[in-house]
Amino acid sequence: MKSFFDPKASRTALRVLTAGSLLCLGACGGGGAGDLLAGVVSAPGGGGGIGGTGLTSSGVITGTGSIFVNGVRFDVADAEIFINGEPASEDQLGLGMVVSVSGTVQDDGVNGTAQRVDYDPQLEGPITAIERNADNSSARITVLGQSVILERTSTVFEDSSFDGITAGDVAEISGYLESDGRLRATRVSGEDDIDGGVKLSGVISNLQGQTFSIGIQSIDAGNAVLSDLPASGLADGLFVEVEGELIDDVIRAAEVEGRDEALGSLQVDDQITVEGAVTNFDGVSGFWVEGLPIDAANAALNIGGLALGNGLIVEVSGSWNGEQIIASAISVRRGRIKIEAPVADISGSLLSFEFAGTIINVDTDSRTLFDDDRDGIEYLKIADLSIGNYLEVEALDSDGMLVATRVDRDNDDDESELQAPVQSFVDGLSVTLLGVTFDITQAEFENSADNDISQARFFANLTNGSLLSVSDNNPSDGFAEEVEFEFATALDGEREFSDDDEERLDTNELPGNILDYISANFPNADIAFSERDANDNEIEIYLTNGTELVFDLSGNFLESELEDADDNAEDPEDPEDPEDPEDPEDPEDPEDPEDPEDPEDPEDPEDPEDPEDPNSPEEPSGP
């Protein structure tokens, strides 16, 4: 087999995949020093990970010294570094860039030496539209017809900012491609002047001669250099990267490069790790990540009680069987728990926060991305933080410990916020999240669509496991100013912005059997909004409490997102479990009639998760 370190072969194979891909090519054997790493999923302090030769790591830069990628510190002092295929230096690499690293990793699995680093942004061009959600936590921008989701906390901004970005700005964007075709940005760099130079990746459509479209963007490739394409040349359905100039809203391509040759480079039994957003989930154990098919039927799951489904950001490790990756391990990389508050204590890798006299501890590790929106430190480290710094933290639950995926130091703010699943509540009085009890008697309330609702409607829709965001202007007193339902299974911006193939529906436009189903199974729930998805031929219902229901166009029930999340929770009936999602399918719960907070499940009268059910399995089934 040809060495994977052939520079052109390496660059071509890596860039076939979209943002966040971790592709390991080559025959993989036993582990040891000198083995090459491919974003290995392993516990902190674990062994050398997947061994063998010809492996490569591709993912977001989360730290420096030299660079951290997928939890591994790669020394890049002697590495070849390329940006857009051109030689570059270490100081041109930045936080949030999705890079590909070829190199070696030591036996400890967390220290390595890079031989080559490649950065190739997914998108570059002028912003033609921008739309912000109601609470200004996320935004959707349009660049060359491509929709991009920005997040206030989890997108890194360079020479730009979440609040300052506007239509007309020119941006270079790196990120993950999601199931709906949108790009979720991990980094946005402002560009002063690109002289009309643009970059766009996507699938060719409407090919006529040497002109075609990617999405709604028109491309003229009449004078372009074509590379890495099939012998037949351009064709509808090919995934390509286009570079050129934007003239009169048409990209005049200078280069069109194919991106569909990766699978042909894989050999049976190659060890592969891929990072990105889950797409094309079949509802059981099959899905795609960054263009690669995954079979997760026998994979070990470490997804923090979240549901395996479209949009979840994961790392998948496994082997190639000639048709798909047979996954051995899946780990989530984005959490839905959020803390925004001054840090009360810092001890080693641990950050502590205090709400109403209760301490919440959050651990950090080599995969945690630290960003600095206050002082602009390029590579913020935990050693740079001080007690009292205002931090915005995103975390996930890993075996009962909160682990930060993102830490953002921001300017001081009077308002603190805690987002987590409900552990318990007292109707009309209080809610408890992560052990913190908030008095909500004077609070304002919003549904999952950011619309105001009354306290009565809030509690009518509330169940243990519902994901809430609680704002408190004085976190020491425990009195909440605002309480809002959030979507448990969707990252910021994923539900707020409708796509072209999604049509908002009024409640009176819904088929009667959908309304009957909701009335029977969710008797106290309100509908926040509904959409008809023309692409999937489905009707999606979003309830006030963040529950997502899917029906076919005839109104037949297909699935519930929180039902799927319940399948992956470790103890969905335990109100003390902060990741405990609700089970909306059991309104009567015949096994536990005295528990008013017990979630509903009409499809499962035996309630197999009920601890009193002798037939209850010890652990829930896999994905």
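Mentor: The side chains of glutamate 494 and arginine 495 form a salt bridge, with N and O 3.3 Å apart. The term requires a side-chain nitrogen of Lys or Arg within 4 Å of a carboxyl oxygen of Asp or Glu. The model is predicted: local features need pLDDT of at least 70 and side-chain atom pairs count only at pLDDT 80 or more, while totals for chains, interfaces and linings use all residues. Residues are numbered from 1 along each chain as its sequence is written, and side-chain values use heavy atoms, leaving out hydrogens and water.

Arginine 495 is buried, with a relative accessible area of 14%, and glutamate 494 is buried at 10%. Here buried means under 20% relative accessible area, exposed means over 50%, and partly exposed lies in between (1.4 Å probe, protein chains only). Elsewhere, salt bridges with shared partners join Glu151, Glu178, Arg184, Arg334 and Glu394 into one network. The structure holds 22 salt bridges.

Another of these pairs is arginine 336 with aspartate 492, whose closest N and O atoms are 3.5 Å apart. Arginine 336 lies in the loop between strands E25 (325-332) and E26 (337-342), and aspartate 492 in the loop between strands E39 (482-485) and E40, so the pair ties together parts that are 156 residues apart in sequence. Both arginine 336 and aspartate 492 are buried. Helices (H or I, at least four residues) and strands (E, at least two) are DSSP runs, numbered from the N terminus.

Strand E40 leads us to the sheet. Five strands form an open sheet in the order E40-E41-E42-E43-E44, with antiparallel pairing; two strands pair if DSSP finds at least two bridges between them. Strand E40 (502-505) and strand E44 are the edge strands, each pairing on one side only. From one strand to the next the twist averages 25°. Angles run from 0 to 180 degrees between N-to-C directions, and axes are lines fitted to C-alpha atoms, for helices over the stretch in contact. E41 and E42 run antiparallel and are joined by six bridges. In E42, tyrosine 542 is the bridge partner of phenylalanine 529.

Helix H4 packs on this sheet, and its direction makes about 35° with that of E42. Which residues of H4 are buried? In H4 (residues 512-521) they are Ile514, Tyr517, Ile518 and Asn521. They lie on the same side of H4, because they cover an arc of only 95° around its axis, the arc being that of the directions from the helix axis to the C-beta atoms. As a general rule, an α-helix has 3.6 residues a turn, so residues three or four places apart point the same way. The buried residues of H4 pack against strands E41 (527-533), E42 (538-543), E43 (548-552) and E44 (557-560), where contact means heavy atoms within 4.5 Å. On the other side of H4, Asp516 and Ala520 are exposed.

A remark on confidence is also required. The predictor's confidence in each residue is given by pLDDT, from 0 to 100; the protein has a mean of 79, and 78% of its residues reach 70 or more. Over residues 563-623, pLDDT stays under 50, and the model has 130 contacts beyond four places in sequence for them.
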